[in-house]
Every structure is written in C-alpha cells, then in structure tokens.
Amino acid sequence: MKIGPKVYWRKTSGEVIFITPQVESASARETDKADDMGFYPQLKGYDPEQLDVLKLEFNKYTEDFRHTISYMVNPDTKTMEFTYPSNSGSESEKPLIDQVAELRQADLDNKDSIAGLIQIVMSQTDAK
C-alpha cells in the first residue's frame with residue numbers, strides 16, 4: 001500500500017508546520033488528523049482548530065521538495081506553492097509537475113500549429 005504525505009499547515013498564514021513521511025508498506029494504514037496529532041511530536045501542543053491538513057498523492061511533489069528553497073500552502077486555494085532558486089531572486093511558482101504538464105500541452109499545441117502551417121504551404125504549392 002502506498003500512502004502519500006500529509007502537510008499540516010496554519011489556516012491563517014499557510015505556514016507549513018509538519019509533513020508526515022510517505023509510506024510504502026503492506027502493513028501501512030491511513031491515519032487521520034487526531035491520530036497524527038497524538039503521534040508526531042512536531043504537532044503536539046498545536047490547537048487542531050488552527051491547523052489544516054493537505055493530503056498529497058504518493059511521490060507527487062518529490063522533485064519540488066528536492067529543488068525548492070521554501071514552500072507553503074496557499075490558504076485560499078489550499079494548494080502547495082513552492083519558491084525555487086532563480087537568477088532574478090526568489091519567486092513563488094507553480095509546482096514543477098504542473099509546469100511540466102503545461103509545457104507538454106504547449107508543445108502539443110505548437111506541433112498542431114506547425115502541422116497546420118505545413119498543410120497550408122503544401123496546398124498552396126499544389127495549387128500553383
């Protein structure tokens with residue numbers, strides 16, 4: 001069974017308090033907020049009403065966490081936001097997995113456009 005990590009964060013600011021480890025084990029079981037707050041020392045002492053939890057898919061943001069210089073949860077969208085090192089300073093960006101998906105779609109759109117242009121040129125060449 002594969003269980004993704006859970007991100008515990010402050011509802012008011014999006015500050016990440018703790019991320020549970022992801023687990024891959026036949027004996028693994030899902031836990032809830034109460035279980036985690038009683039088990040992980042990093043969560044003890046926090047008011048459960050002030051924390052929210054974001055359940056992540058197994059391995060979804062592995063590369064993002066590896067390359068980021070900071071991260072938080074956007075309290076409005078309840079999604080992860082990452083800050084990556086850049087030449088022009090630190091900027092908050094979409095997760096790498098989302099950027100890759102957008103680039104793949106843009107590549108497909110470009111290929112369709114190029115194919116369409118080739119057809120237009122070929123049809124004009126045939127007409128002459």
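Predicted model: local features only at pLDDT ≥ 70, side-chain atom pairs only at ≥ 80, totals over all residues.
Residues are numbered from 1 along each chain as its sequence is written, and side-chain values use heavy atoms, with hydrogens and water left out.

**The pocket**

- The largest pocket has a volume of about 200 Å³, the volume being the space filled by probe spheres set on grid points joined across faces, edges and corners.
- A pocket here is an open set of points on a 1 Å grid over the protein atoms alone, where a 1.4 Å probe fits, with protein on both sides within 12 Å along at least five of seven lines; lining residues have an atom within 4 Å of a point.
- Of its 14 lining residues, Val23, Arg29, Thr31, Asp36 and Tyr40 are the closest to the centre.
- Helix H1 (residues 33-39) gives the most to the lining, with three residues; helices (H or I, at least four residues) and strands (E, at least two) are DSSP runs, numbered from the N terminus.

**Valine 23**

- Valine 23 sits in strand S4 (residues 23-24).
- Its relative accessible area is 32%, so valine 23 is partly exposed (buried is under 20%, exposed over 50%, partly exposed in between, with a 1.4 Å probe and protein chains only).
- Not counting residues up to four places away in sequence, valine 23 touches Met1, Lys2, Ile3, Ala28 and Phe58 (contact means heavy atoms within 4.5 Å).

**Nonpolar cores**

- The largest nonpolar core has 10 residues, including Val7, Trp9, Leu54 and Phe82; such a core is a set of buried Ala, Val, Leu, Ile, Met, Phe, Trp, Tyr and Cys residues joined through side-chain atoms within 4.5 Å.
- Strands S2 (6-10) and S7 (79-84) are the elements that give two or more residues to this core, and S7 has the largest share, three residues.
- A second, separate core of seven residues includes Met37, Tyr40, Leu43 and Leu51.

**Asparagine 74**

- Asparagine 74 lies in strand S6 (residues 70-74) and counts as buried because its relative accessibility is 16%.
- A polar atom of the asparagine 74 side chain lies 2.8 Å from the backbone nitrogen of aspartate 76.
- Leaving aside neighbours within four places in sequence, asparagine 74 is in contact with Thr79 and Glu81.

Notes: Polar contact = N/O pair within 3.5 Å; in protein donor to acceptor, adjacent residues only side chain to side chain.
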